[in-house]
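Here's a quick tour of the aromatic side chains in this one.

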Amino acid sequence: MEGRIESETPRDFTISDLEKLGVTSVTTSTPWHDKTVTFEGVRLADLMAHVGATGELVEGIALNNFYAEIPISDFTAYDALLAFKADGAYLGVRDKGPLFVIYPFDRFPELKNELYYSRSIWQLRRINVK
């Protein structure tokens, strides 16, 4: 993680580091799964607070260099999750992992559209706070 955070240098997190911040789960359907899935991870709002993020949005960058800008306000408004598990198993690259931005689509049906689907970055490798 880099950009507008308290640290002057980028912060790297292991899955273990993220788990220590507190694990939350959300069960939801997605356009990429055939059934409802229970995702586990850290609330992105909690991660932003942990690093002292002062920006208004984040740029998420995937392993394939796909990127999307996500307003930080989404993290609190919708309890967006930085997931590292699905149905109890750690996410591998083939499973859209190791990190996957997940919105609780079933709890907030207004999120079921291309805008929020595009913000659900999988295979996330870097977050830049802007």
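W32 counts as partly exposed, since its relative accessibility is 25%. Keep in mind that this is a predicted model. F105 is another story: this residue is buried, at a relative accessible area of 1%. Across the whole structure, a search turns up 13 aromatic pairs, and W32 with F105 is one of them, arranged edge-to-face.

**The W32–F105 pair**
- The two ring centres sit 6.3 Å apart, with 65° between the planes.
- W32 is in the loop between β2 (24-28) and β3 (37-43), while F105 is in the loop between β8 (100-102) and α4 (114-119).
- That makes this a link between distant parts of the chain, 73 residues apart.

**The Y78–F108 pair**
- Y78 lies in the loop between α3 (73-77) and β6 (81-86) and F108 in the loop between β8 and α4, so their pairing ties together parts 30 residues apart in sequence.
- Both of these residues, Y78 and F108, are buried.

**The cluster**
- W32, F105, Y78 and F108 are among the members of one aromatic cluster.
- The cluster also includes F39, F100, Y103, Y116, Y117 and W122.

**Charges over rings**
- R119 puts its charged end over the ring of Y116, 4.9 Å from the ring centre, and Y116 is one of the cluster residues.
- K85 has its charged end over the ring of Y90, at 4.7 Å from the centre.

Definitions and conventions
Residues numbered from 1 in each chain as written. Predicted model: local features only at pLDDT ≥ 70, side-chain atom pairs only at ≥ 80, totals over all residues. Heavy atoms only, no water. Phe/Tyr/Trp six-rings, centres within 6.5 Å; stacked < 30°, edge-to-face > 60°. Helix = DSSP H or I, 4+ residues; strand = E, 2+ residues; numbered from the N terminus. Buried < 20%, exposed > 50% of the residue type's maximum accessible area, 1.4 Å probe, protein only. Lys NZ or Arg CZ within 6 Å of the ring centre and 35° of its normal.
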